[in-house]
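Dear colleague,

Please find the structure below, handed over for your study. My findings follow it.

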Amino acid sequence: MSPVILAILPIFGLILIGFVLYRLDFPGVGFWPVSERLTYYVLFPAMLVSGLSGRQFDASSLGLSLTLVGAVCLMGAFLVFTRTLFHLDGPVFTSVFQGAIRPNTYVGLSAAAGLLGPDWMALSAVALLTLIPLVNVLCVLVLSRHGKHGGGLGRVGLELVKNPLILACVVGMALSVLDLSLPGVLMDLLSILGKAALPLGLLAVGAGLRFHGIGASTLPVALASLAHLVALPLAAYGCARLLGASGPAVTTALIYTAIPVSVSAFILARQMGGDHEVMALIITAQTVLSALTMPLILALLG
């Protein structure tokens, strides 16, 4: 069996388990939002800080960052300029836009850990530090223009400064660049905490899947899924070749563009007047479809 499939199967196996556990009401409905907050604010930052300390960053980091910027901007521009062709109202368009470019970091980090070897954490940090600010700024701009409530860049700036994944990447990379190390006991503590991040995060993704009403929003769901799961990684591959990137940098770019949309897109859609119901369906469809498209993209291009 392909090494790509072997690496990805456990990821979607955990997502499926999370879905089944939620449907069985185990360990309880209140468990899932609490566990997701714990994972996002404590476990993932612990994993990133402990994993990045002592890592080396080379010139390929710039190529990876530029590749991701190019792919996301190309996809965003395409959707903005072709919006009228698909006859989408403003709130629905914002959900399609988010669905086309916002990555699910839980799935991305899990895939990177299985496919990129010992440097997966450093490569993932570059990807996250590139994608999280860029995607948030673009999505807030579109929601401000086409959503029901709007918002502003001041708000997204505050959210970026408070983003635990960005803060953890900055701290971990700073420790590496400055050649500093945390006390051994603290590193062991962070390492143990971090080991719980990926399984809990993936279980929460499965618990958040919702299939009711998916047939009533076929066009936006199909458009967002095709854009994110097929066109975005193809754009990343093209940008990587144009910029001369190769090896692990290309695979990293493909991983972080071929993954499904993040659950956080639903929260932003609800807060800023996007169509959060369509957003929930896009998240569900992409999570399911990516189990097929990710192995194909990575096997053919990675």
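Is Cys169 buried or exposed? The model is a predicted one, and in it Cys169 counts as buried because its relative accessibility is 1%.

**Cysteines**

The structure contains zero disulfides. Cys169 takes part in no disulfide, and the nearest cysteine sulfur, that of Cys139, lies 18 Å away. For Cys73, the closest cysteine sulfur belongs to Cys239; the two sulfurs are 9.2 Å apart, which is too far for a bond, since a disulfide requires the sulfur atoms to be within 2.5 Å. Cys73 has a relative accessibility of 35% and therefore counts as partly exposed.

Leu64 belongs to helix α3, which covers residues 60–82. With a relative accessibility of 1%, Leu64 counts as buried, because the cut-off for that class is under 20%. What does Leu64 touch, leaving aside its neighbours within four places in sequence? Its contacts are Leu123, Val126, Ala127, Ala249, Thr252 and Ala253. Leu64 also illustrates how a folded chain relates sequence to space: Thr130 is 66 residues from Leu64 in sequence, and the C-alpha atoms of the two are 9.0 Å apart.

**The second largest pocket**

By class, the lining consists of six nonpolar, four polar and two charged residues. The volume of the second largest pocket is about 160 Å³.

**The largest pocket**

How many residues line the largest pocket? There are 42, and those nearest its centre are Glu36, Ser262, Val263, Ser264 and Ile267. Several helices supply two or more residues to this lining, among them α2 (31–52), α6 (120–146), α13 (264–272) and α14 (276–301). The lining comprises 25 nonpolar, nine polar and eight charged residues. The largest pocket has a volume of about 1,300 Å³.

With kind regards

How values were computed
Residues numbered from 1 in each chain as written. Predicted model: local features only at pLDDT ≥ 70, side-chain atom pairs only at ≥ 80, totals over all residues. Heavy atoms only, no water. Helix = DSSP H or I, 4+ residues; strand = E, 2+ residues; numbered from the N terminus. Buried < 20%, exposed > 50% of the residue type's maximum accessible area, 1.4 Å probe, protein only. Contact = heavy atoms within 4.5 Å. 1 Å grid on protein atoms, 1.4 Å probe; cavity = no way out; pocket = protein on both sides within 12 Å on 5 of 7 lines; lining within 4 Å. Points joined across faces, edges and corners; volume = space filled by probe spheres on them. Nonpolar A, V, L, I, M, F, W, Y, C, P; charged D, E, K, R; others polar.
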